[in-house]
Each structure stands twice: as structure tokens, then as C-alpha cells.
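Open the model in your viewer and keep the sequence panel beside it.

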Amino acid sequence: MRQFLKLLFRNRLAGLGAIVLGAIVLLVLVTPLLPLPDPNATATGDRFLRPFSAGHLLGTDHLGRDLLARLLYGTRLSLAVGLAAALIAATIGSAIGILAGYFGGRLDNVVMRGVDMLMAFPYILLALAIVAALGPGLLNALIAVAAVNIPFFARNIRGVTVGLAGREFVDAAKLAGMGSGRIVMVEILPNVLPTIVIAMSTTVGWMILETAGLSFLGLGSQPPQADLGSMLGEARAALISAPHTSVVPGVMIFLIVMSVNLLGDGIRDALDPRLKSGALSRPRATTAVDRKGPVPETPQQGLLDLQELQTQFHVGERIYRAVGGVSLHVKPGECLGIIGESGSGKSVTALSVMGLVASPPGVVTGGAVKYDGEDLLSADYKSLRRKRGENVAYIFQDPLATLHPLYRVGDQLAEAIRVHHRVSDAEAKRRGLELLRSVRIPNPESRMRNYPHEMSGGMRQRVGIAMALANDPDVIIADEPTTALDVTVQAQILSMLDDLRRERGLAIVFITHDFGVVAQLCDRVAVMYAGRIVEEGMTREVLEHPLHPYTSRLIACVPELGGGRRKLEAIPGLPPPVDKLPPGCAFAPRCPKAQPECQKGEIALFTKEERAVRCLYPEETFLEEEMADARLAGE
Amino acid sequence: MGSYILKRLVSAIPVLLGITIIVFLIMAMIPGDPATAILGAYATPENVERVNRSLGLDEPMVQRYFIWLGNMLTGDFGRSYSLNRPVLDEILERFNATLILAGTSFVLCAVLGILAGVVSASRQYGFADKAITFTVLIGISIPSFFLGMMMILLFAVNLQWLPVSGMWPIYGDRTLWVLIEHLTMPALALAAVATGVVARLSRSAMLEVLRQDYIRTARAKGVPERRVIYGHALKAAMVSIIPVLGIQAGFVLSGAVYIEIVFQWPGVGRMLVNAILQRDILLVQGGVVFVAACYVLFNIAVDVAQSLLDPRIKT
Ligand code: SF4
């Protein structure tokens, strides 16, 4: 509760709303004690006095009555009537909701049907009908507003009660021989009370406004008694000659409704955990780049070079180092595998290439991504956009989530082409059809007209691949493209990717957690752990002679190479959270060979030609001299 | 599609019947003799006798309901004693004016609201977003009748840009331009609150959608950002915006009652308020049933629009 209030008041607007509303309520409570003139005392000689006249701070109305006194008493009345309507609606509505929810069955059915019917009315028609039947008057307006809001409470409370009625403590009470009445009062009511209170707080402002509205129409409070609505209604006749008589009550209604709204928004936001985590922010068109150091100037090694890439997530005060200095390169026609558990930073590395990491919260804080020698991180949005899909294309994991659900597959394919090439729609469609054929989709003509949800997972992923191929890119980055698929489909997709690579000379970066898949497809492989590369080498060598203890564990998880999906949970323990990385080797807590010096300081990536490892005690001897020096330095 | 519309129409029949039952029950709450209430000042013994016979008022409740329902289905909503003309004629004439007002407001609130929400979301926490959020907050907090009065003061009285009230001038031509002049203020005042609500919802719907994987896919394809936002994201966000538009239509229709009073717009809302003050029961009854039924039909149109947008809905 304390935390809730703190959150509420951290939202400055909600605080403002609370203060304004509090002030109004306070003012209204002490009104009878204030030295005010009688609000109903008429003085025809003093009609329409302007504000700040002697003795009348806000002036007078058409009968010479003091506006300040009328305003305060009117506010009192409006608030009281609104609150009363809210209480009545909440009580009756909740009672109906609890009964329907608790007893269920026929009663529930009939009641909910009725509620639906009532909710089919534009609310004011119902209120007008009730006032028409009962006759104008404040009490009748109150009844009408309360009645119109009953269905809202009934429906909400019924939902909560249905959930509660099936719970064990209710069953226990029944077994103990408690009567229905007592169960409702003792077990159900206390549990639905918070919902009732929240529903009331969100509707009370509305009901104040509604009763004021009916009074404004002349259907609510009758003269001489006046609430804010009827004050405004009476003032309307003199709107042009004495506007202040309208402005005074109007502004008061506005202040009340606004402060209630601000407070309500504040309460809602404080209760919504997503706002705190920043999960409701919009990702920008490209990842934010804020490089602390200089852009690395290493010679070009491949078509796509990552150099000391660092990508972080900044969430509030916390910094998650998702990618902590990764260097990789891939040559034309080559397939590079990046393997690691989830959370190892492999996907973030891949998405960083084309600036697709959601930002906020993602920020690239260092390094370079070079495509054919040109640094993509310093490229402006326009030139980056032109390379997306055209030079470097992506295939994502779950094609049901990654294809747009409301566009036909053919249109999505055609769009991929048309955003880069000036061709007619028909021509783009024709090429799209060809693409579907090239990924071996049967009946491509009719498939073009399908929506994603009408296809199977395997077919959808073929569409995903076809879309990546649309502009004949040089590099394809495939982020776990087969993880969501079953084993046979997975094998088909992999062999197809392999064929495409050979036919088209594609460079592929293949991200996976499965060494079996790597063995099938990749020339080289890089193993990632906690945002860094811990081992790299030709696939065959890494598989046969793993150097890093983590790599050998990963390989041990694949009993038969190429045997389809495997889970990596077989390695005991979890990767460290990347906002609290330990010093030294991040794998140390899970490593059976860990020594004290492993956790002392930064461990370098020991590199010899194609092979590299980040470990002081590798599984096989590697660069023995340098290792020995490093171990000594750590001691 | 045709069969879907038919299905929705059939499913509306119980709702429509429910509406008539509810209105009937409410009207049964009128204290005293119903014929006298209906006739008001015209309640001579012969008139009471005639009304009792034609509305079956001496019959039991259930019969009375079916007589009333039957009359309505044949287009006989009764006769308004205060206007001395058939209720249905009056409603149809007035409904026209309400339709122009509420329809314009509805289009305004949908277009402006969605636009504001999209701009706001695509510049989250930027200046435009803050300005829109602030305006929206003011907009949804001003009671429409007060906003209308203030608009009259500013635009009609002080600046003299627009006519004070009414739908047509007493003298002069009834051209489209004249109508637009008269319509501008009431339509804007009526649209204000709904625009705010739609803008808020569109903003949060867009923010939700922009985090989806398929938006990342669109960006990865190289779709320009403008198209990502106004094409891919907006289309997906519409799925959650459209139902809210349906609800807001009800609020616009409700708000029209106040706006018609403030601007002396000759619509159904003003007719209903006057009828209540005159205790013209048949006119109230007929007006409420008629407008509620139109609203139910409108919501079917909303559902149909939704099913056209979203192929995942089974039609
Ligand atoms: S550095 Fe030490 S703790 Fe880390 S993997 Fe190698 S042996 Fe294990």
C-alpha cells in the first residue's frame, strides 16, 4: 500500500488531481461554517453583479443571489448526489453480481441477459426514460443515474465472484455446513470489496457529471435548490449578457471531473506493472547508438564484420550488458553458426547488425558493424533502411508472430520487393510467386492469397524465408528459424537453406541453441555465453575437440548429431544475469574445473588463426605459453 | 459475408425485443392512470376511453405489451398529444437532424482521435505527444454542454465567425454551406470528449502493436518508417480501436441530447427533453425505442467492419 501511494504521487499529475479534489472536498465540508450570504436570498436590485463586486466575490446571478455561496452549496449538492448515486449503483449492482456469480445457472443466465440488454442502450436514453416515468426532480435524476450504472457493477462483480465461487475456501465453508447467506457475507463479500471500491472510484466522477447533466437539462434539481448543473442551465439564458454566471459553475464541474480523471489515471498506472518496466515504450525505427569509445579501425575480414560490438539494455537504473564486446565476421557464401543458451546474447547480437534491437531500452554502446567495409552503426536511417532486406535480410523464429496477421502472404512478399525496387504490383506479385516456388511451397498461386493464420508452421516459415530472399540479399541472418517447428519440417527447412546458400552464394549467420543443427549447416561456429564469445572455430574442429568446458557440455547435450531438437537444460545451473556479471569467467559458477584465478579478472580470448577460446583451463592444450602467463597473472 | 451480416441481424432480434421490454417496464412505473398520463391536459372522459381502447390499457400487462409491440411493428407509435401529430413522423423528421449532427461528430472523433493517437504514439514522450496528451486530458474533462456554451461565447459572440445556434437560419437559403456553418460548433463540441477517448485508446493500442514481432519484421524488410506506422501498425491497432469506436458512438448519441439543447438543434434529443418536460409519454417512449434500435443496428455495422478488417474472425 505504501509503495502504491508512493507510485501514485510520483506521478505528478495524479498528485495534482488529489490536491485539487481534496481542496474542493474540504471547502465543501466547511461551507456551512463559512460566513456566506444565504445562497437563496434574492435581491433584484443586485442582478448580474460582476465578480469582485463589494460583498459578492464571484458576483451575483439573475436573481441577485450570491454566486460564491450558490457555487459552494451547489458543489456540495452535486458531490453528494453523485456519491449517493455511486453508492446506490455499487450496492445494488454488486448484490446482483454476487448473487448471479455465486448461484450461477439459470439465475445467472437471466440476470446477465438483462444486463446485456441494458448495456445495449446509449446510457442517456435509459436515464431519460426513467426520468420521464418518474417525473423531473433531483431524487429521480439520482435514481436514473444510479440505475443506468447498475449493469456495469453487476457485470464486473459477477466476473470476480464466479472466480471466487469455485475456490477451495468456499467449498470448505460449504462442507462446514455454512449457509449460502453466511458464505456470501463472510467469504465472498470481503474478497470482492476491493473490486467494488475500484469500480466506484472510476465511475463516481462520471456519475457526478451525469447528474449535473440531467439538472442542466432541467430534469434534475428544481429551483430554488441548485446543483452545479442547474446553475449552469439557469445561467444559459444570460450566457451572452452575463457570461460569468455560466463560467463559475462550468469551471467547477471541469475542475472536479479533471481531478477525478487525473487521480483515476494515476491509480490505474500505479497498478499497472508494465509501466514500471518500461515495456510500454515504443521501439524506434533503429536502435539507439551511443558509443563511448572510438569506432574500431580493424581491417576488413569478411563481408559482414562485427567488431567489439556492445549492446546494452538500460532499464531504469539497471544496465543489462546483453552483448559485451563481440567480434565476428562472415565471408560471402559462408555459413557461420552462433550458438548459446537463451539469454546468451546471440539474438541481440544478430538484431544489432541492422539496428533492430528494440530501443528503448536497447542501446549500442560500442564497437562497429561493418557491411562491406561501411560502418552501419554510423549510417543514417535512410541508408540503413535501404540495406535492410536488400543487402542483409532476416529470418525470425516464430513466423506466426513475425508475419503480419492482417495482410495476405502475397502482399507481404510483394511489399518486400516494392520497398526496394520500382516495379508494378503485378510484377512484384509475379516475383513473389516465383519465390514461393523456390522455397517449395505447393500450390503457390492459391497460397499467395492466404493469411498467415491459414498456413501450417512449416509453410509459414517457408514464407518467412521467401521474404528474406525477395531481394537477393548477400547476407541472411537466421534467428532460430527452426526452433518452433517439428523435427521433420526442421530437417526440410535446413536442407533447403543449405541448397539456397550454395545456389546463390549467400552468407548465412545462423543462430541456434542446438549443436545438431550447427553440425548440419555451418562451416564455422561461435559459442556465446553471457554476452561474450567463449569459443570459436571451424565446426568440425570445435565438435571434435571442444576447448571450452561450456562447449563440451553443449555438445554432450546432443546424443546424436543431427538428431533434431534438444534442450540445453541438461547443464546444471543458469547463466548469470547480465546486469550482475561476476568478475572473471562468467561460466565459473557452473564450471566443474573452476579455479580461484578464473574469477580474478578479465579473461582474454586466446586466438590462434581460426580457433579461439576464453578459458584458463581448456579441455585440450591450446596456446600453452600464453595460458600459463595468464594463469600466473590471475593468482 | 452476406451470411455473416444476416446472422448478426438475426442475433439482434432478442436484443431489440429486450429493449422494448425494458422501455415498457420503465413506462409501467408511471404513477396513476396511464391514459390520463398519456393525454395530460387533453384527458376528457371520451379521450381516456378512446386511448384505453386503442392501447389496450384495461388489459393485463402482458397483453398490453404485445398490443404496443404490434402497433410499433406496423409503424404506429401512437400520437403525440403535445404536438398533435403521429409520433413516428415527428421522430423521423427530428432523427434526420440528429443523424447529421451525431454522424459528423462521430466521423470527427474517429478521424481526429485516431490521428492524434497515432502521432502521439509515434513520437512517444516527444513534444507532440505531450501536447496531445495534455489537450486530450482537458478535452475529456470539459462537460460538453459547458464547452458548447464557451464556444458560443468565443466564436459566435466575440469573434462573430459562426452563427449562435440552430440548424438553419430563419430567413435565407438552405445551402450546404449554411448547414456547415451552423454545424461546425455543435459537431466539434459534441466530438470533444469522444475524440479524447479515441485518441487515448489509439495511442495505447499503437504502442502495444509497435512492440510486436511483425513490426520488427516489417522494419527488417526495409519498409520505410512512415509506412510501418501508418500501414502495418495502424492496421493492426484498428482491431482494438474499432470496438471502442462502436462504444463511443453511443456516447456521441448520448451527448447529442445536451448539445442539441445548447445549440437549439432540432434533433431527437431536444425533442425527448421537451417531451419529458411536457409529460408527453408516447413521444418519449417512441423516441427512446427508435434511437436505441438504431444504435443496435449501428453496432452490427461495427461488427461487420471488424470482420472485414480481421480475417481471423470467423464469418
Ligand atoms: S576459465 Fe575457469 S571457470 Fe571459466 S570455463 Fe575456464 S576453467 Fe571454467
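Now widen the selection to strand E2 (304-315) of chain A and strand E3 (residues 318-330) of chain A, which run antiparallel and are joined by 9 bridges. Helices (H or I, at least four residues) and strands (E, at least two) are DSSP runs, numbered from the N terminus, and two strands pair if DSSP finds at least two bridges between them.

A word on what you are looking at: this is a predicted model, in which local features need pLDDT of at least 70 and side-chain atom pairs count only at pLDDT 80 or more, while totals for chains, interfaces and linings use all residues. Residues are numbered from 1 along each chain as its sequence is written, chains are lettered from A and ligands numbered from 1 in the order in which they are written, and side-chain values use heavy atoms, with hydrogens and water left out.

Follow E2(A) to the turn. The two strands make a hairpin with 2 residues between them, and A:Gly316 in the turn has a positive phi of about 60 degrees. A:Val315 has A:Arg318 as its bridge partner in E3(A). E2(A) also pairs with strand E5 (residues 362-371) of chain A, through 8 bridges and again antiparallel; select A:Phe313 and you will find A:Gly362 opposite.

Next, pick A:Asp375 and A:Arg291. Their side chains meet in a salt bridge, 3.0 Å from N to O (a side-chain nitrogen of Lys or Arg within 4 Å of a carboxyl oxygen of Asp or Glu). This pair links distant parts of the chain, 84 residues apart: A:Asp375 is in strand E6 (residues 374-375) and A:Arg291 is in the loop between strands E1 (288-289) and E2 of chain A. Over all chains, the count is 37 salt bridges.

Zoom in on E4 (residues 335-339) and E9 (residues 507-512) of chain A, which run parallel and share 5 bridges. A:Cys335 has A:Ile508 in E9(A) as its bridge partner.

Contact means heavy atoms within 4.5 Å.

**Two backbone details**

Select A:Pro223 and A:Pro224 to see a cis peptide bond, with omega about 5 degrees. A:Pro224 belongs to the loop between helix H8 (180-216) and helix H9 (228-235) of chain A. Then jump to A:Asn443, a residue other than glycine with a positive phi, near 50 degrees; A:Asn443 is in the loop between helices H16 (425-438) and H17 (444-447) of chain A.

**The ligand**

Show the ligand and its surroundings (residues with a heavy atom within 4 Å). Among them are A:His548, A:Pro549, A:Cys585, A:Phe587, A:Cys591 and A:Tyr617.

**Across to chain B**

Finally, bring in chain B, with 12 helices and 2 strands. Its C-alpha atoms fill a box of roughly 80 × 55 × 35 Å, taken along the principal axes. At the interface, 76 residues of chain A are in contact with 74 residues of chain B. There are 2 salt bridges between the chains. To end the tour, select A:Glu415 and B:Lys221, a salt bridge with its closest N and O atoms 3.0 Å apart.
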